[in-house]
Amino acid sequence: MVIDTLDNFGKYVGLNPLFAEVEKFLKENDLNTLEPGKHPIKDKDLFVNITTAKGRTPDAAVLETHINMIDIQIPLDAPETYGYTPLCRLPETPYNAEKDITKYGDLMAESFVDCQPGMFAIFFPQDGHAPCISMAPEIKKAIFKVKVM
């Protein structure tokens, strides 16, 4: 997991060959003005979803992991907290291959980290994360989905 400011995103492009495309997209587009929905960047390997999510309490947020895609989550209009538990400490749970997601039900995250607008969080396959924790009733956010290379 990585948490940092968008100004520093370029420091992480070496972590995945497609991160350079994310950096280019961020420089060329204002995420706040993009229409809600899926915006393809590089076929099925890289896209961004602009969405509004309902703010949740820490105990209502659901831990999830992905096998094939990395999440880069960016809150746009309100702070967002993410729960975190390493995959190695999560129980064996059925994986939905079609949606590339494993959800861990009522399990509470072990720790939490805050992300303000102007920041990002990267969640790799080994990072169990519980998004959408916020005091705000809704969070407008961008979620880049990046194929694991």
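This report describes the strands, the ring pairs, the cysteines and a few single residues of one predicted protein model.

Because the model is predicted, local features are considered only at pLDDT of at least 70 and side-chain atom pairs only at pLDDT 80 or more, while totals for chains, interfaces and linings use all residues. Residues are numbered from 1 along each chain as its sequence is written, and side-chain values use heavy atoms, with hydrogens and water left out.

Helices (H or I, at least four residues) and strands (E, at least two) are DSSP runs numbered from the N terminus, and two strands count as paired if DSSP finds at least two bridges between them. With these terms, the model contains an open sheet of six strands in the order 1-9-5-11-3-2, and the pairing in this sheet is antiparallel. Strand 1 (2-5) and strand 2 (37-42) are its edge strands, each of which pairs on one side only. On average, neighbouring strands of this sheet are turned by 20 degrees against each other, direction ignored; axes here are lines fitted to C-alpha atoms, for helices over the stretch in contact, and angles run from 0 to 180 degrees between N-to-C directions.

Helix 1 (residues 19-28) packs on this sheet and touches strand 2, strand 3, strand 5 (69-75), strand 9 (119-123) and strand 11 (138-147), where contact means heavy atoms within 4.5 Å. The direction of helix 1 makes about 140 degrees with that of strand 11.

Strand 2 is joined to strand 3 (residues 46-54) by five bridges, and the two run antiparallel. Across this pairing, Lys42 stands opposite Leu46, and Lys38 stands opposite Asn49. The hairpin made by strand 2 and strand 3 has three residues between the strands, and in it Asp43 takes a positive phi near 50 degrees. On to the next neighbour, nine bridges join strand 3 to strand 11, again in the antiparallel sense, and Thr52 has Lys140 in strand 11 as its bridge partner.

What share of strand 6 (residues 80-86) is buried? Seven of its seven residues are buried, so strand 6 is largely enclosed by the rest of the structure; buried means under 20% relative accessible area, exposed over 50%, and partly exposed in between, using a 1.4 Å probe and protein chains only. In a regular strand, the side chains alternate between the two faces of the sheet. In strand 6, Glu80, Tyr82, Tyr84 and Pro86 point one way, whereas Thr81, Gly83 and Thr85 point the other way.

| Partner of strand 6 | Bridges and sense | Example of residues across the pairing |
|---|---|---|
| Strand 8 (residues 111-115) | five bridges, antiparallel | Tyr82 and Val113 |
| Strand 10 (residues 127-133) | five bridges, antiparallel | Thr85 and Gly128 |

## Aromatic rings

The structure holds five aromatic pairs; rings of Phe, Tyr and Trp (its six-membered ring) pair if their centres lie within 6.5 Å, and planes under 30 degrees apart count as stacked, over 60 as edge-to-face and the rest as tilted. One of them is the tilted pair of Phe9 and Phe19, with 5.9 Å from centre to centre and 45 degrees between the planes. Phe9 lies in the loop between strand 1 and helix 1, while Phe19 lies in helix 1, ten residues apart, and both residues are buried. Ring pairs also link Phe9, Tyr12, Phe19 and Phe120 into a cluster.

Elsewhere, the charged end of Lys38 sits over the ring of Phe47, 4.2 Å from its centre, a description used if NZ of Lys or CZ of Arg is within 6 Å of the ring centre and within 35 degrees of the ring normal.

## Cysteines and single residues

A disulfide is a covalent bond between the sulfur atoms of two cysteines. How many disulfides does a search of the whole structure find? The search finds zero, where a disulfide is taken as a pair of cysteine sulfur atoms within 2.5 Å. For Cys132, the closest cysteine sulfur is in Cys115 and is 12 Å away, which is too far for a bond. Cys132 is placed in strand 10, is buried with a relative accessible area of 8%, and has a positive phi of about 75 degrees although it is not a glycine. Cys88, in contrast, is exposed, with a relative accessible area of 69%.

Asp100, in the loop between strand 6 and strand 7 (102-103), has a positive phi of about 50 degrees although it is not a glycine, and counts as buried at 8% relative accessibility. Ala61, in the loop between strand 3 and strand 4 (64-65), counts as buried at 5% relative accessibility. Leaving aside residues up to four places away in sequence, Ala61 touches Arg56, Ala130, Pro131 and Ile133.
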